[in-house]
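Reader: I'm new to this. Could you show me how to read the places where parts of a protein touch?

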Amino acid sequence: MENLFIDITEKKIFDVEKIRKDFPILSRLVHGKKLVYFDNAATTQKPKQVIETIQNYYSNLNSNIHRGVHYLSEAATKEYECARKIIQNFINAKHLEEIIYTRGTTESINLVASSYGYSNFKEGDEILISAMEHHSNIVPWQIICQRTGAKLKVIPMNDNGEIIIEEFDKLLNEKTKFVSIVHVSNSLGTINPIKYIIDKAHRLDIPVLVDAAQSIQHLKIDVQDLDCDFLAFSGHKIYGPTGIGILYGKKKHLIEMPPYQGGGDMIMSVSFEKTIYNELPYKFEAGTPNIAGVIGLGVAIRYVNNIGIEVIEKYEKELLDYGSSLLSDMPELKIIGNAANKASVISFIIDNAHPHDVGTILDREGIAIRTGHHCTEPVMRRFNIPATSRASFSFYNTFEEIDVLAKSLKKVINLFN
Amino acid sequence: MISELDELYKQVILDHNKNPRNFGVLNNANSHAKGHNPLCGDQLDLYLIIEDGIIKDVKFNGSGCAISKASASIMTSLIKGKTIDEAKKLFDEFHNLVTSDPEAEIDTSELGKLEVFCGVREFPARIKCASLPWHTLAQAINENSQTELVSTEN
């Protein structure tokens, strides 16, 4: 018993230098300087465990799944389905078939908007989103609103970048047919009170989709505890490969929803007169999927589990607090997004220095940040700015790297002021 | 040795960024074009008074990075009083300069004020910033296209 305890504790001891060794890219130089990768909200780097898994898949397992009776196909299918189980456990979904593989968050949201929306929305209905959505949680709903005559309603936010919850309460009414809300804002870092939003919507029997693209890598997510109806996220933002994403949906919805795309693997039988669709989750997985991506994502999630998502959350909060305090000390710099509850994302503007110039200068110091509107043009408009610079931290970042950022930002400030 | 960064952010560019020339709106403009760089959100409005094929006056307005603002400031200074053909020739010279191989030798004696943009060649992501005002100009001096939006992403 004692040994077991030590074993568990050892796993949870956080050693950032040891972790950094798992990520080959972190030891490279950029413009002759040590890479400081602070663009984690755009995409995360991959540990060697994921990279080796993908290489091993193509070297030793490559075949098509759910089809062949030969050894390779069976082995690949097993790995592919094993990843589904890992993901189910990670978000604590009740049923395995509630986990659907997609290309990413964007496709997951489009799937729900198109399949659920087209069969359930009609003229006069209202769809509720927030003022801080990524374009991928705006445009799919606009498209479905155009097709069905439903209306898009927007929950406003305050100057700190927080949803005005009283306005949400007011906007909810008997015409509301769906709520689609971002868990963590990619451009502001705000963590939204999704549990409250879900509870409140459910009192009126309104389903809720949670866009978890920016939360799945930072926060513990339990879909049964949240009771969300749908949850969407991307593999590449949680240390997995690009081109693979997840849609979680409650079984009761997925059963009723028509297929999103037709093709192979999503059918039980096909004739020219009538096609019978496959059972869940395959009904929504038409065509040969991103098999290596799925298997790589499974390994990425296992990697995150080994560190422990709670451990990650705690360390990243420390990075955020440290970075926020260093940056707040610079009078020429203003942080955009000051929610009380934030993930490790700092958006900022600097007097007389356009974000694009900031990005170029930091790049020459080896620091990768994102500059621009971050696919949230309405957020930029809300704060009356064209763009921001954004530093987003991961558990493999260090306090020393934040010092490098602060030092370089001082150079920028001196150059333009 | 001057670093590539110093080459890009020369004093001339920093000065034009801080104190842009010909900044503002021309209410009596007879030619106008809008430029937009969706990548960084740069917005540019260019106003011209063209009489008898000569650019009598020009102003620009909008928000953008140091490179695009300085480029607009320098461009407007260069084309004021020039004929349309002369402006087009400057456009070609500018275009050839920023899209040329960074390693290539350039005869700077011919370039005049455009020389400050040599450094942009080292920064592929920033060439569009420097080009935006020039492409907006090309749009404005083309007939029948006075209100169309120029985008660097098209």
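Author: In domain 1 of chain A, 45 residues are in contact (heavy atoms within 4.5 Å) with 37 residues of domain 2 of chain A. This is a predicted model, where local features need pLDDT of at least 70, side-chain atom pairs count only at pLDDT 80 or more, and totals for chains, interfaces and linings use all residues. Residues are numbered from 1 along each chain as its sequence is written, chains are lettered from A and ligands numbered from 1 in the order in which they are written, and side-chain values use heavy atoms, leaving out hydrogens and water.

Reader: How much area do domain 1 and domain 2 of chain A bury between them?

Author: The size of an interface is often given as the accessible area lost when the parts come together. Here the two domains of chain A bury about 3,300 Å² (accessible area, 1.4 Å probe, lost on being put together, summed over both), with 54% on carbon and sulfur atoms. Pro47(A), Ile309(A) and Arg382(A) supply 17% of what domain 1 buries there, more than any other three residues.

Reader: Which residue forms a salt bridge with Arg382(A)?

Author: A salt bridge puts a side-chain nitrogen of Lys or Arg within 4 Å of a carboxyl oxygen of Asp or Glu. Arg382(A) pairs with Asp159(A), their closest N and O atoms being 2.9 Å apart.

Reader: And how many residues of chain B are in contact with chain A?

Author: For chain B the number is 22, facing 15 residues of chain A. The area buried between these chains is about 1,300 Å²; on the chain B side, Leu5(B), Tyr9(B) and Cys40(B) lose the most, together 31%.
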